[in-house]
Amino acid sequence: MKITLEIVKHIAHLARLEFSEEELKQFYQQMVELLDHFARISELDTENVPPTSGILPLYNVMREDNPGPTLPREEALKNAPEEESGFFKIPTILEAED
Amino acid sequence: MLKPTIGLEVHVQLKTRSKMFCSCPVEFKAEPNTLVCPVCLGLPGSLPVLNRQAVEYTIAVALALHCEIQPFSQFHRKNYFYPDLPKGYQISQYDLPFSRNGYLIIETEEGEKRIGIQRVHMEEDTAKMIHGESISRTSGYSLIDFNRSGVPLLEIVSRPDISSPQEATLYLMELRSILRTLGVSTANMEEGALRCDVNISLERGTRTEIKNLNSFHSVRKALEYEIKRQEEVLKEKGQVIQETRHYDERAGVTLSMRTKEEAEDYRYFPEPDLVPLKIDPPWIEEVRSRMPELPEDKRKRYKELGLFPQEAATIANNPELANFFDSCLSLGAPGKEVANWLLSEVMKYLNARNLSIIEVPLSPEGLVEFLTVLKEGTISSKIGKMVIEEMLQTGDGAREIIERRGLAQISDPVLIKKWAEEVIKENPDQVSQYRQGKEQLFGFFVGKVMKLSGGKANPEILNRILKELLLRE
Amino acid sequence: MIFQPAHKILKEIRERNLSPVEVIQATLEWAQKLEGKLRSFLVLDPEGALAKALMLEEKLKKGEEVGPLAGIPVAVKDNICTRRMTTTCGSRILENFLPPYDATVVEKLERAGAIIIGKTNCDEFAMGSSTENSAFFKTANPWDIERVPGGSSGGSATSVASYQVFLALGSDTGGSVRQPASFCGIFGMKPTYGRVSRYGLVAFASSLDQIGTFARNVPDLALLTEVISGHDPRDSTSLPEPVPSYSKELDSPVGTLRIGVPWDLLQEGLTPEVKEAFEDALEIFERAGFAIEEVSLPHASYGIPTYYLIAPAEASANLARYDGIRFGLRAKGEENLISLYKKTRGEGFGAEVKRRIMLGTFALSLGYRDAFYVKAQKVRTLISQDFQKAFRKVDLIALPTSPTLPFKLGEKVQDPLSMYMSDLYTIPISLAGLPAISIPIALKNGLPVGMQIVGPALSESLIFKASYLFERESGLSNLKPPIVEELSA
């Protein structure tokens, strides 16, 4: 399995990360090297092995449907880069690039 | 005409008291960003904890839709970036959804039809964004309110078993009435508590998707438009493009949204902050035991009472009306007569005022008393219409109204005979014509006597007496 | 005074021979003296700490109940949310982020009367093994300021090793408490996954992250660990089992234990200095009457690829929330949503974080998911099963914490793979979610060496007991790095 610079560019887009061309090439080199090393796991036979997504012996952890306290609005908004009349504010969402 | 194949994907907001993964209250008219906490704002370090009620509501819906509830299900993260999605992923379900393979039954003009349900799963709602119309696009910003973020949602995906816009509407109505009967959602499309995406293709054709339809009317109109459009495309160019379209409500047309150059890649993986759900039969049965009777079963029961399918459906699919109807039945009233009055005079009154049965002072006891009074012959059906309207307005009892307004039927044969004799005496020409065989004049005499009685003469007694007098030479 | 163990200071405070204000003042004075050289802290809060000490003193005067850590200065890693102090995770993207809530462990510390004096430096979002990935500055190892303190909880480890605080919290995803504890010559505990609430711990890899503890001796470590452990209804992955009193159980007899050594895993990468120190440590256990046996962990050597696929995959989602919308850095002048995201995240994250987001996004992406992410999850199962089998044979497993001695600052920054390899012995345990401690076992070339003691799930008490026995047998606790000796002279 060979990854290409194009794939790395696509991954960067999916992850919403901006890279300069130079950075991207460096990342590409490193990813090739790392994935090459990681591909070692493919030599293991995992035919009948179930995947582990969590290691806890827990099921059905739930809370009762009781409303609780909320954050005061100024607390909710205090870290916002921009706000307006109680809303979080962002630049226009025209998606010209996509 | 080519046969359309339609599938619906419906999102339903559950009517829990708190959100799906945090304890923020669920309300729809609060000030922006006042029903938020670190969890539903996606702040660093916060963690989700599942709302038991949301799970039990989902079990109930899955049961009502005859789905197989999976003994083991899991939440997944669906990864994509959008400002209304605070964590950059939505907690949803993927290859281990809550339930699959169900159906619901719609009552079409040709009879019952089963529409398959592919899956019912749980996910969290996104925040609300204000842009577009309210703020001009050129002004260059959008506002976000996270009150809706994390409200529990059900995603209900039908199989492509729907074959007309009418059936799509019936499907949605049936679904809505199930959700309302279960009390798990307001299922109000206008408020966004029920949202609908549709998939449609014509025989052998490619399908298109129309997203975010927010009223029954839009669903029907969008489908009608899209069927026509696809027919024309097939006639002219021969190939429908697979794409997502948007329904422009004002223009009544569907428009192509920008096609994405790349396939969506949501990079699903199991949500490590939540543990799996194991839903065992005892839990399912416990939820089932608390479930009210479903519209489908109600319809069946009503039809057995002698109601026509459409009558049964109208009552069964309106939970409030069905409750009212059932209360009347339990008071011993005959179903067919209750249905006749409910679906004619009562519904006419309610529809004209846009009211629901629980918003008027008429009680089931009141209606049953009314039917008794009617049966006793105290009033005629014609007077009955007047009485019931007043009952709907005031909530007063039928007897009370009849007495107050002096509407009781006059059944005294002596009195009726006196009026009849008077009419016969005053109309000698008609009497002799009748006696010579012009029997259609009988109605004329009835009318005259009724008029004299102020409309209150018991028609049965009146008929008998009048006939006797006319036949007597 | 500050060179005393915390449990002694606690006794003095409770008996009113020492006041919390005295302890805090002495601590702050010493901390500030060393800070210029070591740089453990991203934020110090002397005023807040003093105010807490004064409040505590009032309580003590009135004879009111104070908690089990009353008056003890502690440090908290900067990826644990605190209302009072910014929580940056060592990242530009959260440079001024002030959480509107406290992590559960912070609430527990404060309820216990501990005084949080500051937030410690770490690798950005806990991604690293040297604390060099902090966006702000590097932290030095107190044993040699040219060397790294380990990571990612390097600031916490340094602050404890240099006596700036008595105790500290870190987080351990693949070794981030144990490896810096080892590099700094102190004790570090990573409890069983689920034992300590993660609520308020900024997530790196949710299925692996666990808050851990640092101290200079076992009794202090046991006490801190029991204070922060326990079920939390705000964390769905929190275990409901009650927490034993680790500190009280220390004195109960440990019996004759069977200690397993996974020599198969140690074939790879182990340097002679560490090997020698480890073999000597095993002898101490043998002298104490423990049986040393070989165990096999045949899949543990696949830990690195497994971990570096699973952890980045989870991280790629956990770090998606840093988008410049609700908090944190937002790139300036961007009108378009996609470029706003890309610029904000491009500017806000450092190289290692970006590398892991890329790896993780790749591992989950269409067409590669099964071969990388799902495969790694399956190998994780195999690694867990290895431990389960081993624990049928032995009570505990011992192995070195790091294959090498602390390395030089800058030595591995350019070579991610060799940096990742330094977690070779800690990662398999993380993947299995097991509890493990790192304890100092030797000084080699003037640098500390650490050993891990690993147990089955929820065997913390046994691990502490075995470690305490080792501490007493070896006399290796409350170690003083040269810089501490110098400055205290």
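Author: Two strands pair if DSSP finds at least two bridges between them, and the strands themselves (E, at least two residues), like the helices (H or I, at least four), are DSSP runs numbered from the N terminus. In this predicted model, local features need pLDDT of at least 70 and side-chain atom pairs count only at pLDDT 80 or more, while totals for chains, interfaces and linings use all residues. Residues are numbered from 1 along each chain as its sequence is written, chains are lettered from A and ligands numbered from 1 in the order in which they are written, and side-chain values use heavy atoms, with hydrogens and water left out.

Reader: What is the order of the strands in the open sheet?

Author: Strands of a sheet pair through backbone hydrogen bonds, either parallel or antiparallel. Here the open sheet of 4 strands runs β2(A)-β3(A)-β10(B)-β9(B), and its pairing is antiparallel. At the edges stand β2 (83–84) of chain A and β9 (128–130) of chain B, each of which has a single partner strand, so one side of each is left without a neighbour in the sheet.

Reader: Where does the pLDDT of chain B fall below 50?

Author: The pLDDT is the predictor's confidence in each residue, from 0 to 100. Chain B averages 90, with 96% of its residues scoring at least 70, but over residues 133–137 of chain B the pLDDT is below 50, and beyond near neighbours in sequence this stretch has 8 contacts (heavy atoms within 4.5 Å) in the model. Where pLDDT is low, the predicted coordinates should not be read in detail. Chain A also averages 90, with 92% of its residues scoring at least 70; confidence in chain A is lowest in β3(A), at a mean of 90, and highest in β1 (residues 62–63), at 98.

Reader: Which element gives the most to the side of chain B that touches chain A?

Author: Buried area is the accessible area (1.4 Å probe) that two parts lose on being put together, summed over both. Chain B and chain A bury about 3900 Å² between them, 59% of it on carbon and sulfur atoms, and the contact takes 52 residues from chain B and 35 residues from chain A. There is 1 salt bridge between these chains, formed by the side chains of A:Glu64 and B:Arg52 at 3.0 Å from N to O (the term asks for a side-chain nitrogen of Lys or Arg within 4 Å of a carboxyl oxygen of Asp or Glu). On the side of chain B, the elements that give two or more residues include α1 (52–64) and β9, and β10(B) gives the most, with 5 residues.

Reader: How many salt bridges are there between chain A and chain C?

Author: The count between chain A and chain C is 3, one of them joining A:Glu23 to C:Lys354, whose closest N and O atoms are 3.7 Å apart. On the side of chain A that touches chain C, the elements giving two or more residues are α1 (5–14), α2 (21–38) and β3 of chain A, and the largest share, 10 residues, comes from α2(A). This contact takes 58 residues from chain A and 71 residues from chain C, and the area buried is about 5700 Å², of which carbon and sulfur atoms give 69%.
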